[in-house]
Amino acid sequence: MNKIALNFARIFVGVLFIFSGLIKANDPLGFGYKLQEYFEVFHMPFLSGIATGIAILLCVMEIVLGALLLFGFWAKKVTSGLLAVIIFFTFLTFVSAFFKVVTSCGCFGDAIPLTPWQSFSKDLVLLVLIVYLFINKDLIRPVTTSRSWQSASLAIVLCASLLFSQYTYSRLPVLDFLPYKVGANIPELMATPPGAEPDEFLIMYNMSNKKTKEKKVMSDKDYLKTEIWKDENWEIVGTPEKKLIKKGYEPKIKDLLISDASGTDYTKELIENPYYNLIYVAYNLKDTDEEAMAKLNALALNAAEQFNIRTVLLTSNSAQDAQAFSKKMKLFTEVFYADAVPLKSMVRANPGIILLKNGVIVDKWHYNTVPSFEVLSEKYFSK
């Protein structure tokens, strides 16, 4: 019975760690963005610049530890490493959940969004299983006792996970779980369908009795139902609070607002354009790849001259910084502005490029994989 339980724990933990590592390695830049949130919460902004590097290392560590546990290699070291990792992440998810500082933990990337409390519960289960594995580490048997095979297996898993993370970082995620994936209809994803239930709220009043000094908190419904408002001894103290009691329908894209330098809303005009548009996304111009931007600028010029394709640059920088960058790079594109959060979700690159037509994302590319003007012309523009 103990052997069955041990094998179950070993397989469950090993597979889950590999799955978690691979999902995040599929989108290391997105995981890096999540780490930056934690760094801000814990007052460690100095680590934000290397967040993506840390993200890749954490992904590789999860995959390697999970694989070694399945293989049964170096059981003492592996279970000790797993225990240290799960204790750290259990603490992190508890702090996130209890203090409501990070709304989504990012444990499984954007593939399986978990709330902090869900993530904390998951980590508690893993903690129990890993403690069990640690206690029984001497009973874990390796699939082979050959040291050369063990070393070779470690090297293969380590190199494969590093190469996969580097591949997705220098291109785009192999699997896109974000709302702005190829084929997505942006206007539809921003709309709320007819009849969809809205959020349901209660207004909470802080009540105080001027005569007895009694205090109570009650909802607006109870306030009217009990007719306490008729009692002149009771008064509302402070500002009423709005409490969400039931979450209603939420569009997949709810935070996209595109404007020009003066603040005029151009969202509808840009995303509902019935013709091809090239959208260059550079959420932070200070960190964008200028060599790539120069190539994209040449592409924009050719597209405009030969096919009258509109090209715009979306950024979250200030108008002053964007105009200075545009002048420096002699950009041919129009410049518009949006919040950094949706821009980071649009394309995991800085800069990245989206081909948009009638609100639908026809294709998108990392700046390392943008096809030539001739290829784009033959595949899209000349048809």
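## Terms and basis of the model

A residue is called buried when its relative accessible area is under 20%, exposed when that area is over 50%, and partly exposed in between, with a 1.4 Å probe and only protein chains taken into account. Helices (H or I, at least four residues) and strands (E, at least two) are DSSP runs, numbered from the N terminus.

The model is a predicted one, in which local features need pLDDT of at least 70 and side-chain atom pairs count only at pLDDT 80 or more, whereas totals for chains, interfaces and linings use all residues. Residues are numbered from 1 along each chain as its sequence is written, and side-chain values use heavy atoms, with hydrogens and water left out.

## The chain as a whole

The chain holds 13 helices and eight strands, and its C-alpha atoms fill a box of roughly 85 × 75 × 40 Å along the principal axes. Its radius of gyration, taken over C-alpha atoms, is 26 Å, while a compact globule of 383 residues would have a value near 21 Å by the rule of 2.2 Å times the number of residues to the power 0.38.

Of the 383 residues, 45% are buried. Among contacts (heavy atoms within 4.5 Å) with a separation of 6 or more, 72% are between residues 24 or more positions apart. The accessible surface, from the Shrake-Rupley method with a 1.4 Å probe, comes to about 21,100 Å², and carbon and sulfur atoms account for 60% of that surface.

## Helix α13 and its packing

Helix α13 spans residues 373-381, and its buried residues are Phe-373, Leu-376, Ser-377, Tyr-380 and Phe-381. Seen down the axis of α13, these residues fall within an arc of 105 degrees, so they line one face of the helix; the arc is that of the directions from the helix axis to the C-beta atoms. The face turned away from this buried side carries the exposed residues Glu-374 and Glu-378.

The partners against which the buried residues of α13 pack are the strands β4 (276-281), β7 (352-357) and β8 (360-366), together with the helix α10 (290-307). Leu-299 has its place in α10 and counts as buried, with a relative accessibility of 7%. Leaving aside neighbours within four places in sequence, Leu-299 is in contact with Phe-373 and Leu-376, and also with Leu-278, Tyr-280, Ile-353 and Val-370. Leu-299 and Leu-278 are 21 residues apart in sequence, and their C-alpha atoms are 9.6 Å apart in space.

## Backbone features in the loops

A cis peptide bond, with omega about 15 degrees, joins Asn-350 and Pro-351, and Pro-351 is found in the loop between α12 (340-346) and β7. In the loop between β7 and β8 lies Asn-358, a residue other than glycine with a positive phi, near 55 degrees; at 46% relative accessibility, Asn-358 counts as partly exposed.

Trp-74, in the loop between α3 (51-71) and α4 (75-99), is likewise a residue other than glycine with a positive phi, here near 45 degrees. Trp-74 counts as partly exposed, at 32% relative accessibility. Ser-48, in the loop between α2 (28-41) and α3, is buried, with a relative accessible area of 17%. Not counting residues up to four places away in sequence, Ser-48 touches Gln-36, Phe-39 and Glu-40.
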